[in-house]
Amino acid sequence: MGNEIVLSVSHLSKQYRKGVKAVDDLSFSLKEGEIFGLLGPNGSGKTTTILMLLGLLESTEGTVEVLGHNPFRTPLVVKRQVGYMPDAIGFYEYMTAYENLDYTARFLGLDANEREKRIKASIAKMRLTDRMHDKVKTYSHGMKRRLGLAELLVKEPRIAILDEPTQGLDPQSIREFLSLITSLRDSEGMTFLLSSHQLDEVQSVCDRVGLFSRGKLISFGSVDALGEEHFGKEVLIDLQAEGKDDLELLLKKQKGVIGVDRQGDNHYLVTASEDIRPILAQQVFSAGCNLTSLEMKKHSLNEIYQLAYKEASNE
Amino acid sequence: MNKREGSALTGLKVIWLKEMQDYAGNIRMIILMLLIILTAGASMYVAAQTLRSFVGEDSFMLLNLFTISQDPIPSFLSFISFLVPLTGIALGFDAINSEFQNRTLGRVLSQPIYRDVLLFGKALGAVSAMAIILLALWLLVIGCAMLFLGVPPSGEQIARAFAFYVVTLLYALLWYLVGMMFSIIFRQSAVSALVAIALWLFFMIFWPMISQLLAYAFGGGDSFQTAKLEVVLGRISPYRLYTESALAILNPSTRSLGVVLFSQLQGAIMGSALPFGQSMLLIWPHFTAFLATIILLFAIAYVLFQRKEIRM
C-alpha cells in the first residue's frame, strides 16, 4: 500500500428534498493500493456516497477529492481514472460481451486496436474468453459480475469502486471474486473501494473498513483495530482436545482466562486477556490429552458491527 | 460560474452510432417500416391508377400522388399522418426507462461523458433513423411517380415534396420527444407507451371535438369569432398543424389555412396555384410552432433527466 491519498472525503452530507439525510458528515480517505470496505446494511447510505464520489450526485455539504479533482466539477477527469461497478449491474442483453465492452471502451477515446487489445486481455483475466462472442442474455449472474469487472479493467482505472460486488453470488463465486480483487490489487496496484452489506464476506480482503449506519460512519479502521476498539484486548482461543471428558475446569484455572465456553464434547472457546495459547497447550498435554486444534479466533466484523451500532445508538 | 471541462459533446458520436445500430436491427422498427411501405404502397398504387388518365392536364401530378384517395383506401398523406406519430412514439417510449430496467444507466454514466450527452445521443439517433426511413419513402414515391406516370417531376414539385419531408420529420420528432419525455417520467415502459399513445389519440380524435365545443362556448354567438377561435384552439393539436401544413405544401391551390371572409377573396383567381415561396409563408407559423414545441419538449425532457436520480 502506498502513502499517496487518492480519495478523500471531508464532512460530506447529502440531504434529499424530503428532509431525509442519506449521508451525514462523512469523512475518510483512501491510500493508493488499499482495499477499503464501506460496510453497512441496505439503505445506510453507501450507494449515495459512491454516487457522490463519481460526481453522479451532488452533495449538500462537504467536499470530495478523487485523485486531486472534484468529481462534480471535473467529472470527465475523474471518470476516466475511476472504474465503477454498480450493485445492480446490467448489460445490453442483445449484444455480445465483447460488443458491450467495446461500446463503453469507445467512450475512452481509444483507437480500435487498443480497444481490442484491452478488451481481450480483460476478458481473459476474468476467464470469459470462450464466451466473449456470446450474447450477454446467455450469461449467468456470476458471469455478468465478472464481465462487469472486465469492463472496469478495460478502463485501466487507478481506483475501482465496486458497489455490492458479491450480491447474488454463491459462496464459491464470492471466494473467487474476492481473490480476483486481491490479485488485481497486487498485480495492477489498483485501489479498491468495496461497498457491501455482507460484512463477514468482504472483511477477509479489506485493509480497512468503514462501518456505516443511517448515513453515518460509526467506526473506521482495520478489522483488528476495530475489534480491539470495541472488544478491548481480550482474545478468543478455539481449542479442541481429545482424551478427557471435561477440560473446562482445568482451562478456567489458568492465569489470564476470563471464561470458557464449551462448544461440543471436545471443543472449547476460551476468552482470555491475552494470547495464552502456549500455556493452554502445555496444560492440555499435562492432563494427558491430545491437542487436535488450537487457534486464535478474531471477532467477526458482524460482531464488531453489532457492538459499534449499539454503542453509536447509546451515544 | 464554473465552465464545463472538456467538450460537452464527448461521447455523443458513440451513443448516436449505437442507437442507429440498435434501430437498424430492431424488430419494432422493421414491423413499422413494413407497415408504412405496405399501406403507403397501396395508396400510391391507387393514386397512380387514378392519375394516369389526367397525365398532361395537371402540372402537379407528383404532389397529387400524396393526396388522392379512392374508397376504401385512404390517401398516402392520411396513412403517413397516422403512422408517423406511432413510429415516433415506438422509438421513444422506452428510450430512458429501458436503461433503468436493463440497469445499464449507471454503467454508461460512469464513463467519461456528461449525463446530457446520453439524451442528445438518443434523440439524434432516433432523428437519424426516422430521417432515413422517411427519405427512403420519399425517394420511393418519386421513383414510383416516374415509373407509373412516365412524367418527370418539376423542380417545384421536388421542392414541395422535400418541404413535406421536412415537416413530416418534424412531426415524427415531436412524437418521439413526447415518448422520450414519458420514458423519463415513468419507470415502466408499458406505462410510458400507454400515456404517449393516449395523448396522441387525444389530440387526433378528441381535441377537434373539444376545441369546437370550447369555441361555441366562448365564441360569444358571433359565427366568425367562433370559427376563428375554433381554428386557434384546433391548432394546439400537432395533428392539425401537420395536416394543415401538408395540405398547403402538397396542394398549391391552397390560399389560406384560416377563416377567410368573402371580401378578402375579391380579385383572387380561384384554383390557381400559389408559388412555392407563398405556400411556405402560409405554413411558416405552423413550422415555427413545430420547432417551438420540439424545443420545449426537449427542454422539459432535459431538465427531468438531469434531475433524475440515477440509482435503480
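This briefing covers chain A and the interface it forms with chain B. The model is predicted. In it, 31 residues of chain A are in contact with 29 residues of chain B, and the two chains bury about 2,800 Å² between them.

**Chain A**

- Chain A contains 11 helices and 13 strands.
- The C-alpha trace of chain A spans about 75 × 50 × 35 Å along its principal axes.
- Of the 315 residues in chain A, 51% are buried.
- Chain A has an accessible surface of about 14,300 Å², and 46% of that surface belongs to carbon and sulfur atoms.
- When contacts in chain A between residues at least 6 apart in sequence are considered, 68% join residues at least 24 apart.

**Area buried between the chains**

- Carbon and sulfur atoms account for 59% of the area that chain A and chain B bury between them.
- On the side of chain A, the residues that lose the most area to chain B are A:L76, A:Y92 and A:F107, which together make up 25% of what that side buries.

**Polar contacts and the salt bridge**

- The interface of chain A and chain B has 11 residue pairs in polar contact, both residues being at pLDDT 80 or more.
- The rule finds 1 salt bridge across this interface.
- A:E151 forms a salt bridge with B:R107, with 2.6 Å between the closest N and O atoms.

**What chain A brings to the interface**

- In chain A, α1 (46–53), α2 (75–81) and α3 (97–106) each supply at least two residues of the side that touches chain B.
- The most comes from α2(A), with 5 residues.
- By class, the side of chain A that touches chain B consists of 18 nonpolar, 6 polar and 7 charged residues.

Methods
Residues are numbered from 1 along each chain as its sequence is written. Chains are lettered from A and ligands numbered from 1 in the order in which they are written. This is a predicted model: local features need pLDDT of at least 70, side-chain atom pairs count only at pLDDT 80 or more; totals for chains, interfaces and linings use all residues. Side-chain values use heavy atoms; hydrogens and water are left out. Contact means heavy atoms within 4.5 Å. Buried area is the accessible area (1.4 Å probe) that two parts lose on being put together, summed over both. A salt bridge is a side-chain nitrogen of Lys or Arg within 4 Å of a carboxyl oxygen of Asp or Glu. A polar contact is a pair of N or O atoms within 3.5 Å; within protein, one must be able to donate a hydrogen and the other to accept it, and residues adjacent in sequence count only if both atoms are side-chain atoms. Helices (H or I, at least four residues) and strands (E, at least two) are DSSP runs, numbered from the N terminus. Ala, Val, Leu, Ile, Met, Phe, Trp, Tyr, Cys and Pro count as nonpolar, Asp, Glu, Lys and Arg as charged, and the others, Gly among them, as polar. Buried means under 20% relative accessible area, exposed over 50%, partly exposed in between (1.4 Å probe, protein chains only). Accessible areas come from the Shrake-Rupley method with a 1.4 Å probe; for residues, only the protein chains shown count as cover.
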